[in-house]
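Subject: Structure for you to look at

Hello,

I am passing on a structure that you have not worked with before.

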Amino acid sequence: MTSQLNRVAAASAALLAGLLLAACGGGGSTADTTPQVKITSVKVFGDSIQDSGTFGYKFTVQGADNLIYAERIAANYGLALCNFYSFTGTTFVANTAKAGCTNFSIGGGRITYTGAGAGPTNPLNVGVQLATHASLGSFAATDLVIIDGGGNDAADLVGAYLNIPRDTAAAYSALLGTLLTPTQIGTALGGGATTTAQIGATYMTALADKFYNAIKANVLDKGATHVVVLNIPDITYTPRFQTVLDSVALASGGGTAGATARAQAQATFQGWMTAYNTQLAAKFGNDERVALIDFYKGFQDRVNNPAQYGLTNVKDPACPRTGVGADGLPTYTFPTCTAAALSAAPPVGVTGTDWWQRYAFSDGFHPTPYLHQLTQQLIAKSLAAKGWL
Amino acid sequence: MKTKFLFAAVLLASGGAFAQSAGSFIVHAGGAQVSPDVDSTDLTVPSFVGTRFDVKKASAFVGGVTYFTGDHLSFDLSVAAPFKHDVVGAGAIAGTGRLATVKSQPISLLAQYRFGEASSSFRPFVGAGVTYHHLSRSKATAALSGISGGTAAMPTTLAMKSRLGPTVEVGAAYNVTRDWSASVSVGKTLLKTTGTLSTGQSFETSLDPVTIKFGIGYRF
């Protein structure tokens, strides 16, 4: 009996030890960051929120580890970005300081650029950035393309619309005229306030068509199979346009009448952006090569639910204002808005050096590095759902 | 597959009974499938509204010893080779693919009551006890890093706490020969745990796994 029990004990011990050993090897949590799709290059086209340094700085708080969302997405694939273009002070040239850069985005970029130096070859037109890449070659299956646009176009349209009383709709007509016929514009502006506002949506729909056509011709028809396109974020949520809306309220006498005018104006502008976003979504349809990011709703969601996203301030720009622009709105100077400078100068009543890190806005129109991170997470969610990350 | 083969081989054998009487010591081995029934809280902020997780089922080899203190009462100590469970997103992050794998190694100690006579070839049983789920070696994916704001250089990892929970089971054993037997059982463990991301957010979840176990045993 004793020997039998010994045998039992030995057999049991061997079995248990074997299984326990199989489980051993440390309890640490690790990560295998190999994405599901092999991406060897991230190519970026768009405007300031994606600009890696065309002007020598980024359109956010300056700092070595203050990555913008496109750079964060690239980092998810183990890659880094640098600016394809450099600004000479008058024009944009190839970045000669660093070779092989694939971020074509330029601060101030638009789907239709109409400012100083406007022309069919100016890379401030995002379509020109796309065409420039297309002229250099096709995309590979290992390329991830990130494209944004339309935010500055929407801002231009809002500015021109609000200027109607002062310039008899000259700027508004001129901007509409870049995509619409004189007959369309004349009928709308002659039809009263309602049709004057509505033509803005028609313009934004045409703008979406224009952008889609540029992306199709220069990206989708050039072999790209992993394309991220962001729609227009709700720019009325930015501090800059909150100030603009406040001035609309003030111009209507403030109080209830002012609040009504403010709400109407915001609804009009949101209607324009929604027209663009709806058209863009319709154009891309269910193209499996495209991940269309609902930046509009994602951005609203973050500003409306700051605590959920760890934001401490969604109203005030973190950078100090350094002047007032011709439009009466505050201006900011990104090159001097560094992480160190902000940490050294907390607002009155605030202590600590990290006070600005969970702010949403760096200046009146651009995100902080943290809001960039939240945007990267929004994009990553779509990439993961696509099976690309 | 191997388990099924052995199971069939044992069923095909024939012989007398008495495998399950007082003093019997049975060493058993087989396979099991653990299917968690997950109910996770939302991930704490900052995160997408309604970010939740799900843990998928997994299979592994199990083994253990059963000691009969009487003709009806037995105690069973079982351990398993690690189950490798996929952790996926739910709620706001549903459909984002595998976010991590986590290894679970359950160790259970159950008291079992066997119906029928010690000499019966077919003996149903019920059991109750505790199971300790050792959760370790979780490996997060690029998707988890991306969704939570990590990068390839500083990836997000997921840690899940090991926990003890009560277990009940029902099963039946078939005594093929005097020494060889086969058994099948279904157990349910009530288990709550906490998952923590290296980015600081956490979630509470019940795993409440259902375990289906097949095994063959040999009496010493």
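**Strand pairing between the chains**

Strand 1 of chain A and strand 8 (residues 122-141) of chain B run parallel and are joined by three bridges. Strands here are DSSP runs of E with at least two residues, helices are runs of H or I with at least four, and both are numbered from the N terminus. Two strands count as paired if DSSP finds at least two bridges between them. Within this pairing, A:Thr30 is opposite B:Lys139 of strand 8 of chain B.

This is a predicted model, in which local features need pLDDT of at least 70 and side-chain atom pairs count only at pLDDT 80 or more, while totals for chains, interfaces and linings use all residues. Residues are numbered from 1 along each chain as its sequence is written, chains are lettered from A and ligands numbered from 1 in the order in which they are written.

**Confidence**

The scores of the model are ipTM 0.90 and pTM 0.92. Chain B has a mean pLDDT of 91, with 91% of its residues at 70 or more; pLDDT is the predictor's confidence in each residue, from 0 to 100. Residues 1-17 of chain B stay under 50, and the model has 28 contacts beyond four places in sequence for them.

**The side of chain A that touches chain B**

In total, 43 residues of chain A are in contact with 41 residues of chain B, where contact means that the C-beta atoms, placed from the backbone, lie within 7 Å. On the chain A side, the elements that give two or more residues are helix 1 (2-23), strand 1 (30-32), helix 2 and helix 13. Helix 1 of chain A gives the most, with 11 residues. By type, this side of chain A has 19 nonpolar, 20 polar and four charged residues. Ala, Val, Leu, Ile, Met, Phe, Trp, Tyr, Cys and Pro count as nonpolar, Asp, Glu, Lys and Arg as charged, and the others, Gly among them, as polar.

**Two helices of chain A**

How do helix 2 and helix 13 of chain A cross? The axes of helix 2 (residues 69-76) and helix 13 (residues 369-386) of chain A come within 8 Å and cross at roughly 50 degrees. Axes are lines fitted to C-alpha atoms, for helices over the stretch in contact, and angles run from 0 to 180 degrees between N-to-C directions. The contact is made by A:Tyr69, A:Arg72, A:Ile73 and A:Asn76 of helix 2 of chain A, and by A:His372, A:Gln373, A:Thr375, A:Gln376, A:Ile379 and A:Ala380 of helix 13 of chain A. These residues divide into four nonpolar, five polar and one charged.

**Sheet of chain A**

Chain A has an open sheet of four strands in the order 2-5-6-7, with parallel pairing. Strand 2 (41-45) and strand 7 (290-293) of chain A are at the edges with a single partner strand each, so one side of each has no neighbour in the sheet. From one strand to the next the twist averages 15 degrees. Five bridges pair strand 2 of chain A with strand 5 (residues 143-147) of chain A in the parallel sense, and A:Ser41 has A:Asp143 as its bridge partner.

**Strands of chain B**

Strand 8 of chain B also pairs with strand 10 (residues 163-175) of chain B, antiparallel and over 12 bridges. There, B:Phe122 has B:Tyr174 as its bridge partner. Strand 10 of chain B is joined in turn to strand 11 (residues 180-189) of chain B by nine antiparallel bridges, and a hairpin of four residues connects the two.

Regards

Conventions. Contact = placed C-beta atoms within 7 Å.
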